[in-house]
Amino acid sequence: MSTAANRLGFSLMRVLGADPNENLTFSPYSILSALTMVALGAKGETQREILSALRWTTPVRELAVVVGSVIEAASAPYWREGPSILRTANAIWPAKGIELNPEYIGDLQKFVAAHAEPLDFRANPDGSVRRINDWIAEQTEHEITNLLSSSDVDPETALLLTNAL
């Protein structure tokens with residue numbers, strides 16, 4: 001897992017950090033977690049391409065087990081000048097009326113502790129953004145309060161995947 005996350009991090013740093021005069025902060029683990037959620041729902045060539053981009057050579061469920069074990073371990077409190085806990089907030093938000101495969105939802109919950117909740121993006125895009133931001137704020141103890149803005153969602157939004165640390 002750490003090798004995959006490190007490779008991903010260094011690859012992204014080369015692409016995203018092209019300007020040596022600018023600071024860059026991102027979490028390879030967070031990106032790996034989100035891409036694992038996508039890969040679990042993908043099939044065939046799409047899934048193979050995602051796993052190849054991650055340089056992962058075993059089945060997607062093995063990746064999900066590893067990512068899930070990191071989530072579980074990271075969620076346990078540790079002590080260093082007081083208690084510290086890493087909180088993850090993985091979720092998938094399908095538009096109301098879109099039916100996701102129940103096995104996929106089960107895999108998300110089982111492997112990456114993901115929340116799944118349909119929202120009415122068409123009739124209430126602003127309310128959907130508020131619901132997502134409220135859920136993420138609750139999961140991160142209000143460290144992240146506005147992951148999305150109203151411009152990130154419109155009535156045509158079919159599905160959102162969120163990931164926050």
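## Exercises on a predicted model

By the ring-pairing rule, this protein has one aromatic pair. The rings belong to W93 and W135. The model is predicted.

**Exercise 1.** Classify the pair formed by W93 and W135: which kind is it?

*Solution.* 
- Step 1. Take the distance. The ring centres of W93 and W135 are 5.7 Å apart. The limit for a pair is 6.5 Å.
- Step 2. Take the angle. The two planes stand at 80°. Over 60 degrees counts as edge-to-face.
- Step 3. Conclude. The W93 and W135 pair is therefore edge-to-face.

**Exercise 2.** Locate both partners: which elements hold W93 and W135, and how many residues apart are they?

*Solution.* 
- Step 1. W93 sits in strand β3, residues 89-94.
- Step 2. W135 sits in helix α6, residues 125-139.
- Step 3. They are 42 residues apart, and the pair links distant parts of the chain.

**Exercise 3.** Decide for W93 and W135: buried or exposed?

*Solution.* 
- Step 1. Recall the cut-off. Buried means under 20% relative accessible area.
- Step 2. W93 has 0%, so W93 is buried.
- Step 3. W135 has 7%, so W135 is buried.

**Exercise 4.** Describe the setting of Q47: which helix holds it, and which residues does it contact beyond its neighbours in sequence?

*Solution.* 
- Step 1. Find the element. Q47 belongs to helix α3, residues 44-53.
- Step 2. Q47 has 17% relative accessibility, so Q47 counts as buried.
- Step 3. Set aside neighbours within four places in sequence. Q47 then contacts A39, A42 and V60.

**Exercise 5.** Examine a surface patch: which residues form the nonpolar patch with about 490 Å² of accessible area?

*Solution.* 
- Step 1. List the members. They are F10, M13, V15, L16 and L24.
- Step 2. L24 lies in the loop between α1 (2-16) and α2 (28-41).

Notes. Residues are numbered from 1 along each chain as its sequence is written. This is a predicted model: local features need pLDDT of at least 70, side-chain atom pairs count only at pLDDT 80 or more; totals for chains, interfaces and linings use all residues. Side-chain values use heavy atoms; hydrogens and water are left out. Helices (H or I, at least four residues) and strands (E, at least two) are DSSP runs, numbered from the N terminus. Buried means under 20% relative accessible area, exposed over 50%, partly exposed in between (1.4 Å probe, protein chains only). Contact means heavy atoms within 4.5 Å. Patches are made of residues with over 30% relative accessible area and no salt bridge: like charges are joined within 9 Å, nonpolar side chains (Val, Leu, Ile, Met, Phe, Trp, Tyr) within 5 Å. Accessible areas come from the Shrake-Rupley method with a 1.4 Å probe; for residues, only the protein chains shown count as cover. A salt bridge is a side-chain nitrogen of Lys or Arg within 4 Å of a carboxyl oxygen of Asp or Glu. Rings of Phe, Tyr and Trp (its six-membered ring) pair if their centres lie within 6.5 Å; planes under 30 degrees apart count as stacked, over 60 as edge-to-face and the rest as tilted.
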